[in-house]
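Open the structure in your viewer and keep the sequence beside it. Each stop below tells you what to select and what is there.

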Amino acid sequence: AGAEGRLFPGDVELTPSWEPPPADAAFISIQAFPALLDLPQDLEVSAVSCGSRHTAVVTRGGELYTWGWGKYGQLGHGDSASSDRPRRVEYLVAEGLRAEEVVCGPWTTYVCVLE
């Protein structure tokens with residue numbers, strides 16, 4: 001814009017805009033302080049790992065639970081949906097695989113499994 005706020009040829013007027021997220025989008029809260037996990041009471045956690053925006057835990061029973069930002073499929077639920085609550089990775093259960101260890105990268109999750 002010019003000195004008087006007028007647009008010159010080729011200038012683009014920028015107007016702020018905000019679009020609400022889709023109705024089915026998960027709200028992913030940001031925790032600034034440690035918080036208790038809301039897992040079923042009978043589960044004992046043996047390993048935990050955090051990525052940039054997601055978390056994964058392995059239970060003593062060999063199950064893998066993940067939650068957080070899932071845009072790149074890093075939660076392992078077969079989609080790119082995000083989840084604000086821990087969800088069991090059903091693929092491992094269906095394949096008869098037992099999770100032993102988990103390591104989260106920035107946008108990835110690596111799981112060591114036993115058959």
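Select Y72 first: with a relative accessible area of 51%, Y72 is exposed, where exposed means over 50%, buried under 20% and partly exposed in between, using a 1.4 Å probe and protein chains only. The model is predicted, so local features need pLDDT of at least 70 and side-chain atom pairs count only at pLDDT 80 or more, while totals for chains, interfaces and linings use all residues. Residues are numbered from 1 along each chain as its sequence is written, and side-chain values use heavy atoms, with hydrogens and water left out.

W69 is buried, at 19% relative accessible area. The count of aromatic pairs is 1; a pair requires rings of Phe, Tyr or Trp (its six-membered ring) with centres within 6.5 Å, and planes under 30 degrees apart count as stacked, over 60 as edge-to-face and the rest as tilted. How far apart are the ring centres of W69 and Y72? They are 5.5 Å apart, and the planes stand at 90 degrees, so the pair is edge-to-face.

Keep W69 and select R53. The charged end of R53 sits over the ring of W69, 4.8 Å from the ring centre. The rule for this asks that NZ of Lys or CZ of Arg be within 6 Å of the ring centre and within 35 degrees of the ring normal.

Now show the whole chain as a cartoon. It has 1 helix and 6 strands, in the order β-β-β-β-α-β-β from the N terminus. Helices (H or I, at least four residues) and strands (E, at least two) are DSSP runs, numbered from the N terminus. Of the 115 residues, 26% count as buried.

Next, select the residues of the largest nonpolar core: A56, V58, L64, V89, L92, L97, A99, V102 and C104, 9 in all. Such a core is a set of buried Ala, Val, Leu, Ile, Met, Phe, Trp, Tyr and Cys residues joined through side-chain atoms within 4.5 Å. Which elements give two or more residues to this core? They are β2 and β5, the latter spanning 98-104. The most comes from β5, with 3 residues.

Centre on A99. Leaving aside neighbours within four places in sequence, A99 has contacts (heavy atoms within 4.5 Å) that include V58, L64 and L92.

C104 is buried, at 10% relative accessible area, whereas C50 is exposed at 55%. How many disulfides are there? The count is 0, a disulfide being a pair of cysteine sulfur atoms within 2.5 Å. For C50, the nearest cysteine sulfur is that of C104, 6.8 Å away.

Select T55, in strand β2, residues 54-59. Is T55 buried or exposed? T55 is buried, with a relative accessible area of 16%. Beyond four places in sequence, T55 is in contact with V48, S49, C50, Y65, T66, W67 and C104.

The last stop is E44, in the segment before β1, which covers 45-50. Not counting residues up to four places away in sequence, E44 touches V58, T59 and R60. Draw a distance from the C-alpha of E44 to that of V57: the two residues are 13 apart in sequence and 9.8 Å apart in space.
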